[in-house]
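Dear colleague,

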Amino acid sequence: MRLLDPIGHPLAPSHGIGGANMATRGELRPFEIARDQRALADLCANVYGGRDYMPTRAATYAADPACELLVLEGKDELAAIANYRRISAGVAWLEGVRTAQAIRGGGVATHLVRHLCTVAAGEGRALWSCT
C-alpha cells in the first residue's frame, strides 16, 4: 500500500515519528480551522512569550492556494504544524514550524521538515526557510 500526504506525495517510512510511519503514529493532514484552531492556540501559547503569529495567520495560510498548512495529529492532539508555501516555480518556503511542548526534542519537527524537503525536491523546488 502506498501512503500519500495531503499534497499527494508519497510518505516514506523514514519520514515518520521516531522512525515509524506517520500513518502508524499520527495523521498528516491539512489544517482545518474549525477542528484545529483552538489546539493551535494551545500549542503556540508559550511561543514568543505568548505572542506567536501562527494562531492569527493560520486561516490566511489555509485559504491561500499557494500554501499547504499541514498538521501532524497525534493521539487526539495536534503534535506539530508547518506551512509549505510555493513562492515560485523553483522555490518553496517553509514557515511556522511548531511542535507541541510535551514532545519537543523528540524529532517530530525534524521528520516533518524532512518530509517537506522531499516534497519540494519532488516538485523541482528548493526549500527555503529562515529562523
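**Salt bridges**

Asp-36 and Arg-29 are joined by a salt bridge in which the closest N and O atoms lie 2.7 Å apart, the term meaning a side-chain nitrogen of Lys or Arg within 4 Å of a carboxyl oxygen of Asp or Glu. Asp-36 is buried, with a relative accessible area of 3%, and Arg-29 likewise counts as buried at 3% relative accessibility (buried is under 20% relative accessible area, exposed over 50%, partly exposed in between, with a 1.4 Å probe and protein chains only).

This is a predicted model, in which local features need pLDDT of at least 70 and side-chain atom pairs count only at pLDDT 80 or more, while totals for chains, interfaces and linings use all residues. Residues are numbered from 1 along each chain as its sequence is written, and side-chain values use heavy atoms, with hydrogens and water left out.

A salt bridge also connects Glu-27 with Arg-35, at 4.0 Å from N to O; here Glu-27 is partly exposed at 39% relative accessibility, and Arg-35 is partly exposed with a relative accessible area of 42%.

Arg-86 pairs with Glu-68 in a salt bridge whose closest N and O atoms are 3.5 Å apart. This pair links distant parts of the chain, 18 residues apart, with Arg-86 in strand β3 (residues 77–88) and Glu-68 in strand β2 (residues 67–74), strands being DSSP runs of E of at least two residues, numbered from the N terminus. Through shared partners, salt bridges join Glu-27, Arg-29, Glu-32, Arg-35, Asp-36 and Glu-73 into one network.

Over the whole structure, the search finds eleven salt bridges.

Technical notes
Helix = DSSP H or I, 4+ residues; strand = E, 2+ residues; numbered from the N terminus.
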